[in-house]
Amino acid sequence: ITINMIFGGNKLWHFEEAPEIDWAEMFATMYFLQWMKSIASVYEPGAHFEYYSEDVVLETMNNLPRNETDRYSETFINMLDWIKPFLPPRVSISYKRYGDEYVTRDDYLAELEEAKKKVFEELGGKLPVLTDQQKYATELNVKLRPGQADDPQWREKVELIHQSIERTKTLERYINDLTMIPACPTYYAGWAIATGSTRKSYAKFWVAVGALERKGEKFTEVVLTPRQLSSAEFVWEDVHIEGLTGKNFNKIRILTKPLS
């Protein structure tokens, strides 16, 4: 049984942790693998979990440089390589990048333009109308180019790209692959299983950071959204785990006040 998760493929650029992964990706992976372990314990052929990064889109949609998304993928794959020796029997995990499906970046851009035209026509030749939540997400994720905000419709133009991503021929083919079961940390209308990112967190790990919540002698993994982080009370604790590399794995936030 293969579970796949299509995700953004970057660490939100506002965080000091960017552009590398942090404990949020680690905790989410541990959480998903526990799910795979449960499946493999009753299904002899086993369970496979596949991350599918859409990071190539972020260059055109969120204005993120390729070297940052490359670094994110590099640190993510390093973390998965570190964790693989500890996988339960009949459980496996992998990481793929949407951009690697194309021979050249121009091939991707051509498909994206075709998909944008299709979506634009379906919208009656108008740009999307954004909800307040969509406006917030767009403003949070986009690293504005000089002068971009001067265009009063810049958010709508970004959303047009966002709605077109999964309408490219290549990504449609992946999404419609019936050999995999799609999942997402948060609700995604129509097709994905909403899993959360830890037992206590309902957030997208790539636009969040990981922390530990302490109650007595017990620690619980949590993943904090930007809004949660802005109001969180915490201290930093040093960490050393042999073989786990990256700038964000030598310390961790310990919440001094429980999340509400």
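Two strands pair if DSSP finds at least two bridges between them, and the strands (E, at least two residues) and helices (H or I, at least four residues) named in these legends are DSSP runs, numbered from the N terminus. The model is predicted, and for this reason local features are given where pLDDT is at least 70 and side-chain atom pairs count only at pLDDT 80 or more, while totals for chains, interfaces and linings use all residues. Residues are numbered from 1 along each chain as its sequence is written, and side-chain values use heavy atoms, with hydrogens and water left out.

**View 1. Strand β6 and its partners β7 and β9.** Strand β6 (residues 209–215) pairs with strand β7 (residues 218–224) in the antiparallel sense, over 7 bridges, and within this pairing Glu213 has Thr220 of β7 as its bridge partner. The two strands form a hairpin with 2 residues between them, and Gly216 in the turn has a positive phi of about 65°. With strand β9 (residues 251–255), by contrast, β6 runs parallel and is joined by 3 bridges; here Leu212 stands opposite Ile254 of β9. Of the 7 residues of β6, 5 are buried (under 20% relative accessible area; exposed means over 50%, and partly exposed lies in between, with a 1.4 Å probe and protein chains only), so the strand is largely enclosed by the rest of the structure. In a regular strand the side chains alternate between the two faces of the sheet.

**View 2. The nonpolar cores.** A nonpolar core is a set of buried Ala, Val, Leu, Ile, Met, Phe, Trp, Tyr and Cys residues joined through side-chain atoms within 4.5 Å. The largest one has 49 residues, of which Met26, Tyr51, Phe76 and Phe205 touch the most other members. Two or more residues each are given to this core by β1 (2–7), α1, β2 (47–53), α3 (66–83), β3 (91–97), β6, β7 and β9, and α1 supplies the largest share, with 10 residues. Another core, of 19 residues, lies apart from it and has Ile6, Tyr52, Leu64 and Leu171 among its members.

**View 3. Helix α6 and what covers it.** In helix α6 (residues 154–164) the buried residues are Trp154, Glu156, Val158, Glu159, Leu160, Ile161 and Ser164. Their cover, counted through contacts (heavy atoms within 4.5 Å), includes α2 (56–61), α4 (105–122) and α5 (132–141). Arg155 forms a salt bridge with Glu139 at 2.7 Å, N to O, the term meaning a side-chain nitrogen of Lys or Arg within 4 Å of a carboxyl oxygen of Asp or Glu. Because Arg155 lies in helix α6 and Glu139 in helix α5, this pair ties together parts that are 16 residues apart in sequence. Both ends are partly exposed, Arg155 at 24% relative accessibility and Glu139 with a relative accessible area of 38%. The side chains of Lys157 and Asp151 also meet in a salt bridge of 2.7 Å, N to O; Lys157 counts as partly exposed at 40%, as does Asp151 at 23%.

View 4. Lys11 forms a salt bridge with Asp22, and the closest N and O atoms are 2.7 Å apart.

**View 5. Positive phi at Asn63 and Arg90.** Asn63, which lies in the loop between α2 and α3, has a phi near 65°, a positive value in a residue other than glycine; Asn63 is buried, with a relative accessible area of 16%. Arg90, in the loop between α3 and β3, likewise has a phi near 65°, but Arg90 is partly exposed, with a relative accessible area of 37%.

View 6. Val42 has its place in helix α1 (residues 23–42) and counts as exposed, at 72% relative accessibility.
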